[in-house]
Amino acid sequence: MKDRLQALKEEAASSIESVSTLEQLKDLRVRYLGKKGELTAILRGMKDVSPEERPVIGSLANEIRSFLEQEIAAKEDQLEREALEDRLREEKLDVTLPGKPYPVGSIHPLNAVIEQVEDIFIGMGFEVAEGPEVETDSYNFEALNIPKDHPARDMQDSFYITPEILLRTHTSPVQVRSMEAKEGRVPVKIICPGKVYRRDDDDATHSHQFTQVEGLVVDRGIAMSELHGILATFAEKLFGMKLETRLRPSFFPFTEPSVEMDISCVQCGGDGCRMCKNSGWIEILGAGMVHPRVLEGAGYDSERYTGFAFGMGPDRIALLKYGIDDIRHFYTNDLRFLRQFQSV
Ligand code: FA5
């Protein structure tokens with residue numbers, strides 16, 4: 001019996017040694033140490049062993065059992081460690097590999113200019129107002145002192161929806177809407193960016209749909225000098241350089257006096273180049289003191305209050321700022337064009 005036990009020990013030890021999976025090891029444990037296992041089967045023959053030999057055989061059997069249990073536990077440890085190492089090897093991440101490039105959009109150059117304009121005026125205490133793009137003839141023209149026979153009211157110049165409703169031709173109706181909303185209170189200090197529409201033929205500097213930013217300040221004692229100061233500060237901030245500015249007399253039915261503001265050419269600094277048509281100056285906006293009739297019409301006593309207004313075209317400003325040669329690039333969504341403004 002001793003020999004059988006010894007042989008079992010050796011056979012089991014070598015089987016344990018040679019298994020390569022945890023499954024196989026489990027089978028071996030059942031085969032040698034289980035209730036119906038080989039060691040138990042040998043011990044069943046104890047009844048035939050002489051009483052003197054029984055304790056010897058018994059202790060040998062226990063020794064073999066605990067030896068095999070230790071061997072199995074050690075093998076189990078080893079197989080588990082190997083399995084873990086295999087998994088780590090398979091799941092290893094190479095963090096130095098370049099990532100998948102996901103296309104990221106960017107701000108459209110026109111919107112970038114509008115956002116910059118907004119930031120500058122907000123920094124000077126203005127609020128951003130909004131108004132409808134589909135506007136009444138009354139707000140777009142009448143309330144702005146634009147008489148019935150003004151050429152802008154011609155069907156050839158504006159997009160009419162009905163005789164009384166049209167796509168706004170400028171952002172100036174928001175002047176009137178903002179004053180009405182304030183119900184006679186001061187100060188009124190707003191800018192209004194937005195889309196406008198005119199029946200202009202599209203070319204390098206004209207679009208039938210373009211953007212404008214309107215500005216309006218109404219308070220006691222507002223003078224032309226404030227208009228010039230604010231707009232000159234704005235222009236320098238927008239172009240990020242020292243600039244000369246000048247006001248030239250102009251005409252708008254809703255401002256009196258009316259002016260256009262020129263800045264020294266951002267390309268040549270005033271010496272004369274193609275961009276400024278050799279004049280050294282570039283016009284960037286129209287402005288003026290709000291006409292008393294417009295103030296009165298919107299509920300403000302023109303004897304007590306004065307104001308100034310201005311309107312500019314971000315499309316043309318963006319052409320200047322980024323040296324773009326054709327306004328139509330802004331509206332044709334050519335990715336080759338738009339991708340050049342990723343960092344703007
Ligand atoms: C006006 O529209 C006035 N409402 C501006 C104003 C507001 C004056 C407040 C005084 C007080 P004007 O028609 O000049 O003005 O247009 C203003 C700007 O819009 C122009 O300087 C130009 O930059 C831009 N603009 C005009 N027509 C077009 C067009 N077809 N395409 C692109 N930009 C245009």
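**Exercise 1.** Find the strand that holds Ile-161, and decide whether Ile-161 is buried or exposed.

*Solution.* Start with the strand: Ile-161 sits in β3, residues 160-162 (strands are DSSP E runs of at least two residues, helices H or I runs of at least four, numbered from the N terminus). Next, check accessibility: Ile-161 has 52% relative accessibility, so it counts as exposed (buried is under 20% relative accessible area, exposed over 50%, partly exposed in between, with a 1.4 Å probe and protein chains only).

Before going on: this is a predicted model, where local features need pLDDT of at least 70, side-chain atom pairs count only at pLDDT 80 or more, and totals for chains, interfaces and linings use all residues. Residues are numbered from 1 along each chain as its sequence is written, and side-chain values use heavy atoms, leaving out hydrogens and water.

**Exercise 2.** Work out where the salt-bridge partners Asp-137 and Arg-153 lie, and whether they are buried or exposed.

*Solution.* First, the contact: their side chains meet in a salt bridge at 2.3 Å, N to O (a side-chain nitrogen of Lys or Arg within 4 Å of a carboxyl oxygen of Asp or Glu). Second, the places: Asp-137 is in helix α6 (residues 137-140) and Arg-153 in the loop between α6 and β3, so the pair ties together parts 16 residues apart in sequence. Third, the accessibility: Asp-137 is buried at 4%, and Arg-153 is buried at 9%.

**Exercise 3.** Describe how Arg-89 and Asp-86 pair up.

*Solution.* Their side chains form a salt bridge (3.1 Å, N to O). Both belong to helix α4 (residues 53-90), 3 residues apart, about one turn of the helix. Arg-89 is exposed at 56% relative accessibility, while Asp-86 is partly exposed at 38%.
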